[in-house]
Amino acid sequence: MRFLPLACLALVPLIGCATTTEQHLTPVQSSHVPFVPPSAFVKRKLTGPVQHIVIIVQENRTFDNLFHDYPGADTASSGMTSDGKVVHLRPEGLEKQYVIDHSAASMFIACNGSAPGQNCLMNGFNNVESFGGPKYPEYVYVPKTETKPYFDLAQEFVVADRMFQSHLDESFVSHQYIIAAQADSAVDLPTSSIWGCDGGVHDTVATIASDRSYGSSEQACFDYTTLGDELDSADLTWRFYTSTVDGDGGEWSGYQAVKHIRYGQDWSTDVITPQTQFFNDLSAGNLANVTWITPVCETSDHVNCGGDLGPHWVSTLVNAIGESQFWDTTAIFVMWDDWGGLYDHVAPPYEDYDGLGFRVPLLMISPYAKSNSVTHTQYETGSILRFVEDQYGLAQLSASDTRANDPAADPAAFDFSQKPRKFKPVQTMFTPQFFMSRPYDSRPPDDQ
């Protein structure tokens with residue numbers, strides 16, 4: 001990580017500033033940044049307190065790993081192995097790069113329950129396949145020196161310590177759940193690196209059956225209704241800010257695997273690259289009713305990527321929104337899409353054949369969010385979609401968002417009767433210009 005000069009820190013203690021080197025970098029432009037007129041961001045007039053919802057998606061961390069020893073939250077400092085050994089969680093920085101398998105099969109191994117992924121003993125993580133990293137690479141946590149921006153956001157707003165994946169496995173399915181609350185029973189990864197419709201009929205993905213056994217394969221291209229479709233029908237706006245990556249045939253977006261969006265008008269107007277275009281749109285006074293923002297590899301928090309910029313990427317996004325004209329009407333959710341093979345001590349509840357998966361962090365940030373609150377309400381990926389649906393009067397999409405608790409109804413999370421509180425910037429190392437000026441990282445933020 002690059003550190004700021006002392007003079008810079010003295011001048012701008014809260015929002016950071018760019019170094020001389022950073023100021024002379026040239027932003028890299030993408031070929032897929034459509035011209036979006038300001039009028040495209042203004043359709044149906046909303047009157048409620050929340051008119052903009054931003055979903056910031058990070059990668060592959062459990063609660064015990066990222067929020068180790070957070071005050072008031074349910075965390076563990078050690079875990080059990082399958083042979084009864086107690087392993088103390090050891091600090092391992094975000095910059096450490098290694099691989100841990102986190103397929104559905106690995107989830108069942110780590111769970112070590114009486115049936116696949118059920119009645120979990122949570123003591124089989126040592127048997128999950130891994131490559132590189134320290135001894136017991138699953139049993140680690142990120143030191144507070146690196147997670148401080150996340151801790152600061154949690155202390156200013158809300159952190160949920162009972163947030164679970166709505167599904168059992170990896171990021172391909174994760175990124176279907178964040179846009180559609182389902183994945184048509186798909187499990188694990190497609191057979192090619194093209195995670196979506198551009199892979200053609202031979203790009204298939206396995207399915208998971210009602211007894212959690214592996215079923216037949218299907219094409220990794222779906223045609224179900226997504227949250228984006230519902231927003232379109234309701235005359236509301238949405239944007240999915242992402243990156244162009246090597247080897248997957250296009251943008252790193254769940255919408256790439258939804259046929260009518262991949263080959264429809266939304267693809268050219270609502271899927272935006274690079275994701276740093278968000279800063280330009282926001283500063284121009286343009287924010288959609290629903291926004292997804294995905295990272296690049298170096299800002300993703302993924303152990304495969306070995307980058308430690310994630311906490312500063314997230315806090316810079318939050319600061320930009322908080323200091324914009326939209327703060328009083330916005331709710332921000334920061335989520336991590338799956339467990340990434342890392343240890344967590346809380347056993348996931350059994351809801352259905354595809355869920356729930358392991359516990360992951362969730363931050364809720366808004367002028368209507370409680371301050372320094374830890375909520376113990378059970379949430380899942382579908383809860384974020386449920387919040388959107390309930391705020392905007394949209395229908396549920398699947399079993400996940402139908403059963404999911406809506407954070408708006410949680411007294412430990414939101415109070416919409418309160419006067420919107422003033423935003424206090426979170427201390428971070430960098431400004432938007434730093435991220436807009438980075439050499440383009442075309443690696444997938446997650447290829448597992």
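Q: Why does Tyr139 count as buried?
A: Buried means under 20% relative accessible area, exposed over 50%, and partly exposed in between (1.4 Å probe, protein chains only). Tyr139 has 0% relative accessibility, so Tyr139 counts as buried. This is a predicted model: local features need pLDDT of at least 70, side-chain atom pairs count only at pLDDT 80 or more, and totals for chains, interfaces and linings use all residues. Residues are numbered from 1 along each chain as its sequence is written, and side-chain values use heavy atoms, leaving out hydrogens and water.

Q: What makes Tyr343 buried?
A: Its relative accessible area is 4%, so Tyr343 is buried.

Q: How many aromatic pairs does the ring rule give?
A: Rings of Phe, Tyr and Trp (its six-membered ring) pair if their centres lie within 6.5 Å; planes under 30 degrees apart are stacked, over 60 edge-to-face, and the rest tilted. By this rule the count is 35 aromatic pairs.

Q: Why is the pair of Tyr139 and Tyr343 called stacked?
A: The ring centres of Tyr139 and Tyr343 are 5.1 Å apart and the planes lie at 20°, so the pair is stacked. The pair links distant parts of the chain, 204 residues apart. Tyr139 is in the loop between strands S6 (130-131) and S7 (140-141). Tyr343 is in the loop between strands S16 (330-336) and S17 (362-365). Strands (E, at least two residues) and helices (H or I, at least four) are DSSP runs, numbered from the N terminus.

Q: What makes the pair of Phe434 and Phe435 edge-to-face?
A: The planes of Phe434 and Phe435 are 85° apart, with 5.0 Å centre to centre. Both residues are buried. Both also belong to a cluster linked by ring pairs, with Tyr241, Phe278, Phe279, Trp313 and Phe430.

Q: How do you know that the charged end of Arg239 sits over the ring of Phe41?
A: The rule asks for NZ of Lys or CZ of Arg within 6 Å of the ring centre and within 35 degrees of the ring normal. The charged end of Arg239 is 4.3 Å from the centre of the Phe41 ring, and sits over that ring.

Q: What makes helix H12 mostly covered?
A: In H12 (residues 381-392), 10 of its 12 residues are buried. Among them are Ile384, Leu385, Arg386 and Glu389. Just after H12, Gly393 takes a positive phi of about 70°.
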